[in-house]
Amino acid sequence: MQRPWRTLAFATLAVAIAVAVVAAPRCGLSWDEEHSAQNGEYAAAWYRTLGHDDRVVTAFNQRFYGSFFNVTAHLAGKVSPLGRYETGHLLIALLACLGLWFTFRLGQLVGGDRGGFCAMLFLALTPPFVGHAFMNPKDIPLAALFVAGASYLGRALAELPRPSNATLVGLAVATGLAAGVRVIGIFLAGYWAIALAAWWLVTRARGRPRPRWLDVAGWWWKPALGAWTLMVLCWPFAQLDPIRNPVRALVDNAAFQFQGAMLFDGHNVSPQGLPATYLPTWFAISLPEFYLVGLVGAVVPALGFLLIDGRGRRAGGLAAVACLLVAALLPPALAVRQRAVMYDGMRHFLFVVPFLAVLAGWGFAAAVGDVTALRRRRGPIAILRGAVGLAVAAAGLVSLAVTAADMWALHPYEYIYFNRLVAGGQSAASTRFETDYWGLSYKEGLAWLRDNYPPEARRVAVANCSSEFLTGYWIRSTPELAARFVPSSAYSNPPARVLLATTRYNCHRRPGKTLHVVTRKDVPLLYVLAQDQGTQ
């Protein structure tokens, strides 16, 4: 019975890879990509000069971030037939597909092939994850590698009291590379320590034979040391002080001084003074309704498991749920508790979304299992469980279909998605919360200029509200645009003839005639404004 679910998982992964290859290189740029590209360039120079070129540890805040993905993208860009950023987009999307696969493997550990497939499907149809998978060079690589490490961690737990060397090596590599993107990846080593300690205490309390303490300690410190070493190798700043600098980066990141107010629930708020509801609200309005369906739908199957079906397996099931809840909730809870500086919605915590997908997918899969079990179960309790499972399955399938339609309508801006149940739908939420804060829609605005702006004898200056490179890269790399337009600053004097204005910071309200508006689902994302004279 498991094989069809595994086949569906492989088919889903194949579709995801195809979408990644086709769609990711065509996506617009995000303002964080220039910073990441510089990090890759500076880190490559650090390694090439054996640390004499130290820009990666002295320029702005480059020291806060590991360089594993950035160096990889930089080197790939040297040989790729695609452009520098298009190559990065493709690598990010392929890493997201890797995250899908390990989400399946993690879900498979706790819910069999059906649970793994449902977890993978839930994540593949999570608009914030998919939208960021086309262009986010920090949070998606971290999310993919983090869930990979969690999958190896779960496998190691399943192999106790004799975890294999291959599993521990996989845990070390995934953890080290995750921390080599963002230092929070090293949390996996802490999770492994907690899991081992809990297993040891439970085994001792039950009087079962257990390995020596030295053996158990080795199962922890060897992968932990390997992960830390790999993290340091990927991170020039950590190489200067392998113990203290990673800790400094973790503390400094939590207090990063992001400038500018953000639209949150209809009000402009400072990242340095966020309400405690900021992060929980963003999770509540950004995740599709099928997460709630899966989590609520798990209640009846869970009761059935605890009271009827789970004889001999209850402790393992409860432990698995507890581990997933810790992985999903602990990092956001710590950030809220410490009043960490946050901005741009929930994107910094995308790495916990796969765990929520596993939990919700597990619940949905269990509800489906109660329906299919009616073939062999009899009695009123089985019928009740089947009826509840059928309702959950129907609601979940409807939500999945509606979300897929929403993603199609929003593409390539899936990350601006708002759900209906909590956020009130796309149109209502977009007046109260940030939409295209990344600036992806600048590329579409330039495409409109190319096709519709009247030709002039001289090149027309085009500016945007964010960073010059967001439009300058496309103008310089596209012959049709370079022949007619020239990138400019939003604050040049005289002003640029055309301003591409997103709605962030109300830039679209600057003086000018509206020539065109880029929209999705009737929500304005970008205004093409004609300003006073400005040619170059």
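Let me start with a lysine. K138 lies over the face of Y65, at 4.8 Å from the ring centre. There is another case like this. K443 lies over the face of W474, and here the distance from the ring centre is 4.2 Å. Keep in mind that this is a predicted model.

Now step back to the whole chain. How many helices and strands does the secondary structure come to? It comes to 22 helices and 7 strands. The C-alpha trace spans about 85 × 60 × 45 Å along its principal axes. Buried residues make up 54% of the 536. And look at the contacts with a separation of 6 or more: 74% of them come from residues 24 or more positions apart.

Next, helix 1. It runs over residues 3–23, which is 21 residues. From first C-alpha to last it reaches 30 Å, close to the 30 Å expected at 1.5 Å a residue. Which residues of helix 1 are buried? They are A9, T12, L13, A16, A20 and A23. Seen down the axis of helix 1, these buried residues fall within an arc of 115°, so they line one face. Here is the background: an α-helix has 3.6 residues a turn, so residues three or four places apart point the same way. On the other side of helix 1, R3 and V15 are exposed. What covers the buried residues? Helix 5, residues 84–124, is included in that cover.

On to the aromatic rings. The count comes to 29 aromatic pairs. Take W31 and W438. This pair is tilted, with 5.2 Å centre to centre and 50° between the planes. The pair links distant parts of the chain, 407 residues apart. W31 sits in the loop between helix 1 and helix 2, and W438 in the loop between helix 19 and helix 20. Are these two tryptophans buried or exposed? W31 has 22% relative accessibility, so it counts as partly exposed. W438 has 0%, so it counts as buried.

A second pair is F146 with Y191. This one is edge-to-face: 6.3 Å centre to centre, 85° between the planes. F146 lies in helix 7 and Y191 in helix 9, so the pair ties together parts that are 45 residues apart in sequence. Both F146 and Y191 are buried. They also belong to a cluster. Ring pairs link F146 and Y191 with F187, F349, F351 and F355.

Now helix 13, residues 278–286. Its buried residues are Y278, L279, W282, F283, I285 and S286. What do they pack against?

Last stop, D241. Where does it lie? D241 is in the loop between helix 11 and helix 12. Its relative accessibility is 15%, so D241 counts as buried, the cut-off being under 20%. Leaving aside neighbours within four places in sequence, D241 is in contact with P246 and R248.

Notes:
Residues are numbered from 1 along each chain as its sequence is written. This is a predicted model: local features need pLDDT of at least 70, side-chain atom pairs count only at pLDDT 80 or more; totals for chains, interfaces and linings use all residues. Side-chain values use heavy atoms; hydrogens and water are left out. Helices (H or I, at least four residues) and strands (E, at least two) are DSSP runs, numbered from the N terminus. The expected span of a helix is 1.5 Å times one less than its number of residues. Buried means under 20% relative accessible area, exposed over 50%, partly exposed in between (1.4 Å probe, protein chains only). The arc is that of the directions from the helix axis to the C-beta atoms. Contact means heavy atoms within 4.5 Å. Rings of Phe, Tyr and Trp (its six-membered ring) pair if their centres lie within 6.5 Å; planes under 30 degrees apart count as stacked, over 60 as edge-to-face and the rest as tilted. A charge sits over a ring if NZ of Lys or CZ of Arg is within 6 Å of the ring centre and within 35 degrees of the ring normal.
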